[in-house]
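Please keep the sequence and the structure at hand while reading.

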Amino acid sequence: MKLNIKNQQNLMQRLRYIAEKHPDDVTANIASDLAFRMENMKDVVDTATWTDTDQAMVDYAVSI
């Protein structure tokens, strides 16, 4: 699945929020890392290359 620009920006905003506010450092670092990698991807983000950890973080970010 590929995310369009609007979906990418929304997801990165949620990931940054988790990175800043989550009390668990591991969760915060995973969110920060994924947001950083998404910022460095060109154009459309392809979720097919994400690990299970990345996908779990996205699921968590969307659920809150």
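Predicted model: local features only at pLDDT ≥ 70, side-chain atom pairs only at ≥ 80, totals over all residues.

## The nonpolar core

The largest nonpolar core has 14 residues, and those that touch the most other members are Leu3, Leu11, Leu15, Leu34, Met38, Trp50 and Met57. Helix 1 (5–21), helix 2 (25–40) and helix 3 are the elements that give two or more residues to this core.

Tryptophan 50 illustrates how such a residue is surrounded: leaving aside its neighbours within four places in sequence, tryptophan 50 is in contact with Leu3, Leu11, Leu34, Met38, Met41, Val45, Gln55 and Val58.

## Threonine 47 in its loop

Threonine 47 belongs to the loop that runs between strand 2 (45–46) and helix 3 (52–63). With a relative accessible area of 14%, threonine 47 is buried, because the limit for that class is under 20%. When neighbours within four places in sequence are left aside, the contacts of threonine 47 are Met1 and Leu3.

## Salt bridges

The model contains 3 salt bridges. One of them joins the side chains of arginine 16 and glutamate 39, with an N to O distance of 2.9 Å; this pair links distant parts of the chain, since arginine 16 is in helix 1 and glutamate 39 is in helix 2, 23 residues apart. Both partners are partly exposed, arginine 16 with a relative accessible area of 35% and glutamate 39 at 42% relative accessibility.

Arginine 37 forms a salt bridge with aspartate 33, where the closest N and O atoms are 3.0 Å apart. Because they are 4 residues apart in helix 2, arginine 37 and aspartate 33 are separated by about one helical turn. Arginine 37 also meets aspartate 54 in a salt bridge of 2.7 Å, N to O; aspartate 54 lies in helix 3 and arginine 37 in helix 2, so this pair ties together parts that are 17 residues apart in sequence. Through shared partners, salt bridges join Asp33, Arg37 and Asp54 into one network.

## Partly exposed positions and a surface patch

Aspartate 59, placed in helix 3, counts as partly exposed at 46% relative accessibility. Aspartate 59 and aspartate 33 are 26 residues apart in sequence, and their C-alpha atoms are 15 Å apart in space.

Isoleucine 64 is found in the segment after helix 3 and is partly exposed, with a relative accessible area of 48%. Together with Tyr17 and Tyr60, Ile64 makes a nonpolar surface patch of about 310 Å².

Terms used
Residues numbered from 1 in each chain as written. Heavy atoms only, no water. Buried < 20%, exposed > 50% of the residue type's maximum accessible area, 1.4 Å probe, protein only. Contact = heavy atoms within 4.5 Å. Patch = residues over 30% accessible without salt bridge, like charges linked within 9 Å, V, L, I, M, F, W, Y side chains within 5 Å. Areas by Shrake-Rupley, 256 points an atom, 1.4 Å probe, with all protein chains shown as cover. Salt bridge = Lys/Arg side-chain N within 4 Å of Asp/Glu carboxyl O. Core = buried A, V, L, I, M, F, W, Y, C linked by side-chain atoms within 4.5 Å.
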